[in-house]
Amino acid sequence: MSHGVHAVQHEVEHQIEHEEHGHGDGHGAKPAENQNKRIALLIAVIALFLAFSETLGKSAQTAALSYNVEASNLWAFYQAKTIRQTTLQASTELLKFELTKIDGGSNDAIRKAMTERIDTWAKQTARYESEPMDRPAPKEVNLDPPYGEGRRELSALALAAQAKRDTALERYHHYEVASAVYQIGIVLASAAVITGMLALAYAAAGLGVVGVIFTAIGFFAPHAVHLF
């Protein structure tokens with residue numbers, strides 16, 4: 001919560017304490033005291049939801065950064081595999097070309113060795129393209145997409161990490177908007193205590209509802225509304 005909101009809340013607490021000690025205006029002090037207590041309860045409720053939204057926002061931001069690093073690492077691995085595959089494919093084609101220049105007879109052993117090397121490189125190239133394997137699972141993990149170290153598996157894993165990152169960012173944006181709305185609501189409710197304008201309290205309650213809506217969207221359907 002910002003320092004400005006804390007300052008306004010402190011002023012509200014001072015105002016309520018002032019009225020509770022009988023510094024009001026005679027008969028009008030009791031209704032004003034009850035009204036201020038209700039507004040103080042409203043502030044407490046909004047502050048509670050603010051704490052939730054800020055905690056969820058921080059968690060979503062951390063998750064987005066983590067998934068972004070994961071996606072970057074996977075794409076770097078993918079690029080390394082691509083370079084190796086391209087180099088091996090070029091070497092295989094060159095060896096095939098050299099094989100056509102060798103005659104039979106005494107060169108059969110050389111032809112056989114070159115043919116075996118070409119087959120080995122072809123298998124290695126195919127392995128670079130797709131190499132599925134069992135994912136190590138010390139804890140429960142999502143096996144979709146399949147785990148592996150081939151280009152196909154790496155690209156699928158990287159795209160999955162990017163999708164998770166985008167979802168976390170959408171959640172973060174909604175929680176940030178909700179936090180801002182909650183803080184504005186707290187300020188308006190605090191101003192209602194100080195000024196006695198009940199309309200500000202109603203506006204604060206409305207903003208609290210708006211904040212709850214944004215928090216719910218961020219938690220249940222982050223892609224339903226695109227903010228940024």
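E129 is partly exposed, at 26% relative accessibility (buried means under 20% relative accessible area, exposed over 50%, partly exposed in between, with a 1.4 Å probe and protein chains only). The model is predicted: local features need pLDDT of at least 70, side-chain atom pairs count only at pLDDT 80 or more, and totals for chains, interfaces and linings use all residues. Residues are numbered from 1 along each chain as its sequence is written, and side-chain values use heavy atoms, with hydrogens and water left out.

The side chain of E129 forms a salt bridge with that of R151, at 2.6 Å from N to O (a salt bridge is a side-chain nitrogen of Lys or Arg within 4 Å of a carboxyl oxygen of Asp or Glu). This pair links distant parts of the chain. E129 lies in helix α3 (residues 108-129) and R151 in helix α4 (residues 151-195), 22 residues apart. Helices are DSSP runs of H or I with at least four residues, numbered from the N terminus. R151 is buried, with a relative accessible area of 14%.

The count comes to three salt bridges. One of them joins the side chains of E93 and K96, at 3.9 Å from N to O. Both residues lie in helix α2, three residues apart, about one turn of the helix. K96 is partly exposed, at 38% relative accessible area. R165 and D166 also meet through their side chains in a salt bridge, at 3.2 Å from N to O. D166 is partly exposed, with 33% relative accessibility.

Aromatic contacts were examined next. A pair of aromatic rings is described by the distance of the centres and the angle of the planes. Rings of Phe, Tyr and Trp (its six-membered ring) pair if their centres lie within 6.5 Å; planes under 30 degrees apart count as stacked, over 60 as edge-to-face and the rest as tilted. The structure holds four aromatic pairs. In one of these, the ring centres of F49 and F52 lie 6.4 Å apart and the planes stand at 75 degrees, so the pair is edge-to-face. F49 and F52 are separated by about one helical turn because they are three residues apart in helix α2 (residues 29-99). F49 is partly exposed, at 31% relative accessible area. F52 is partly exposed too, at 47%.

W75 and Y78 form an edge-to-face aromatic pair, with 5.3 Å centre to centre and 85 degrees between the planes. Both lie in helix α2, three residues apart, about one turn of the helix. W75 is partly exposed, at 25% relative accessibility, whereas Y78 is buried, at 17%. F49, F52 and Y182 form one aromatic cluster.

Note on methods: Helix = DSSP H or I, 4+ residues; strand = E, 2+ residues; numbered from the N terminus.
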